[in-house]
Amino acid sequence: MTAPTIETIENFKMGKQEAIESVYYTYKPTVLRFILSLIKDAEEAEAIFHNVFLKILRKRKDLDTEKGIQSYIFTISKNEVVDYFNHLNSDRKKAEDFYKN
(Lines give C-alpha, C1' and ligand atoms only; values in the text may rest on other atoms or scores of the structure.)
Protein backbone atom coordinates (compact mmCIF):
# COMPACT_ATOMS: atom_id res chain seq x y z
CA MET A 1 0.00 0.00 0.00
CA THR A 2 1.39 3.35 -1.05
CA ALA A 3 0.16 6.22 1.08
CA PRO A 4 -1.70 8.99 -0.73
CA THR A 5 0.27 12.10 -1.58
CA ILE A 6 -0.26 15.37 0.25
CA GLU A 7 -2.02 16.63 -2.87
CA THR A 8 -4.40 13.66 -2.82
CA ILE A 9 -5.17 14.26 0.85
CA GLU A 10 -5.82 17.95 0.16
CA ASN A 11 -8.17 17.00 -2.67
CA PHE A 12 -9.82 14.43 -0.40
CA LYS A 13 -10.41 17.15 2.19
CA MET A 14 -12.04 19.28 -0.52
CA GLY A 15 -14.32 16.38 -1.45
CA LYS A 16 -12.98 15.75 -4.93
CA GLN A 17 -14.37 12.46 -6.24
CA GLU A 18 -11.09 11.18 -7.71
CA ALA A 19 -9.25 11.70 -4.42
CA ILE A 20 -12.05 10.09 -2.41
CA GLU A 21 -11.92 7.03 -4.65
CA SER A 22 -8.13 6.93 -4.43
CA VAL A 23 -8.15 6.96 -0.63
CA TYR A 24 -10.97 4.41 -0.52
CA TYR A 25 -9.25 1.91 -2.81
CA THR A 26 -5.82 2.52 -1.28
CA TYR A 27 -6.91 1.69 2.26
CA LYS A 28 -9.78 -0.74 1.74
CA PRO A 29 -7.77 -4.00 1.44
CA THR A 30 -5.53 -3.30 4.44
CA VAL A 31 -8.22 -1.94 6.72
CA LEU A 32 -10.63 -4.70 5.76
CA ARG A 33 -8.00 -7.34 6.61
CA PHE A 34 -7.37 -5.61 9.94
CA ILE A 35 -11.08 -5.57 10.81
CA LEU A 36 -11.60 -9.14 9.61
CA SER A 37 -8.68 -10.35 11.72
CA LEU A 38 -10.53 -9.06 14.77
CA ILE A 39 -14.13 -10.07 14.11
CA LYS A 40 -13.86 -13.10 11.77
CA ASP A 41 -17.03 -12.21 9.84
CA ALA A 42 -16.57 -10.95 6.27
CA GLU A 43 -19.99 -9.30 5.95
CA GLU A 44 -19.69 -7.49 9.26
CA ALA A 45 -16.11 -6.47 8.45
CA GLU A 46 -17.32 -4.93 5.18
CA ALA A 47 -20.11 -3.07 7.00
CA ILE A 48 -17.68 -1.78 9.62
CA PHE A 49 -15.26 -0.64 6.91
CA HIS A 50 -18.03 1.35 5.24
CA ASN A 51 -18.93 2.96 8.59
CA VAL A 52 -15.26 3.87 9.06
CA PHE A 53 -15.05 5.44 5.63
CA LEU A 54 -18.27 7.40 6.14
CA LYS A 55 -16.89 8.80 9.41
CA ILE A 56 -13.69 9.80 7.65
CA LEU A 57 -15.67 11.50 4.89
CA ARG A 58 -17.72 13.44 7.43
CA LYS A 59 -14.60 14.60 9.26
CA ARG A 60 -12.35 15.00 6.20
CA LYS A 61 -11.96 18.76 6.62
CA ASP A 62 -10.37 18.19 10.05
CA LEU A 63 -7.61 15.92 8.72
CA ASP A 64 -4.03 17.03 9.22
CA THR A 65 -2.52 16.90 5.75
CA GLU A 66 1.01 16.64 7.07
CA LYS A 67 0.30 13.64 9.28
CA GLY A 68 -1.59 11.72 6.61
CA ILE A 69 -4.63 9.64 7.35
CA GLN A 70 -3.44 6.09 7.92
CA SER A 71 -3.30 6.23 11.72
CA TYR A 72 -6.62 8.10 11.73
CA ILE A 73 -8.26 5.35 9.66
CA PHE A 74 -6.91 2.56 11.84
CA THR A 75 -7.90 4.32 15.07
CA ILE A 76 -11.46 4.75 13.81
CA SER A 77 -11.45 1.13 12.64
CA LYS A 78 -10.36 -0.12 16.06
CA ASN A 79 -13.02 2.00 17.77
CA GLU A 80 -15.71 0.69 15.40
CA VAL A 81 -14.70 -2.90 16.18
CA VAL A 82 -14.90 -2.15 19.91
CA ASP A 83 -18.37 -0.68 19.37
CA TYR A 84 -19.35 -3.78 17.38
CA PHE A 85 -18.32 -6.09 20.23
CA ASN A 86 -20.02 -3.90 22.82
CA HIS A 87 -23.22 -4.06 20.78
CA LEU A 88 -22.97 -7.86 20.50
CA ASN A 89 -22.45 -8.16 24.23
CA SER A 90 -25.43 -5.91 24.92
CA ASP A 91 -27.64 -7.96 22.58
CA ARG A 92 -26.49 -11.19 24.22
CA LYS A 93 -27.35 -9.85 27.69
CA LYS A 94 -30.80 -8.75 26.49
CA ALA A 95 -31.46 -12.20 25.02
CA GLU A 96 -30.32 -13.91 28.23
CA ASP A 97 -32.58 -11.65 30.32
CA PHE A 98 -35.49 -12.32 27.98
CA TYR A 99 -35.16 -16.08 28.21
CA LYS A 100 -34.68 -16.05 32.00
CA ASN A 101 -38.11 -14.50 32.49
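A salt bridge is a side-chain nitrogen of Lys or Arg lying within 4 Å of a carboxyl oxygen of Asp or Glu, and by this rule the count here comes to two. The structure is a predicted model, in which local features need pLDDT of at least 70 and side-chain atom pairs count only at pLDDT 80 or more, while totals for chains, interfaces and linings use all residues. Residues are numbered from 1 along each chain as its sequence is written, and side-chain values use heavy atoms, with hydrogens and water left out.

**Helix H3**

- An α-helix has 3.6 residues a turn, so residues three or four places apart point the same way.
- Asp41 caps the N-terminal end of H3, with a side-chain oxygen 3.1 Å from the backbone nitrogen of Glu43.

**Salt bridges**

- Glu80 and Lys55 meet through their side chains in a salt bridge at 2.4 Å, N to O, and this pair links distant parts of the chain, with Glu80 in helix H4 (residues 70-100) and Lys55 in helix H3, 25 residues apart.
- Glu80 is buried at a relative accessible area of 10%, whereas Lys55 is partly exposed at 35%.
- Glu46 forms a salt bridge with Lys28, the closest N and O atoms being 3.0 Å apart, and here helix H3 is linked to helix H2 (residues 17-39) across 18 residues.
- Glu46 counts as partly exposed, at 25% relative accessibility.

Notes
A polar contact is a pair of N or O atoms within 3.5 Å; within protein, one must be able to donate a hydrogen and the other to accept it, and residues adjacent in sequence count only if both atoms are side-chain atoms. Helices (H or I, at least four residues) and strands (E, at least two) are DSSP runs, numbered from the N terminus. Buried means under 20% relative accessible area, exposed over 50%, partly exposed in between (1.4 Å probe, protein chains only).
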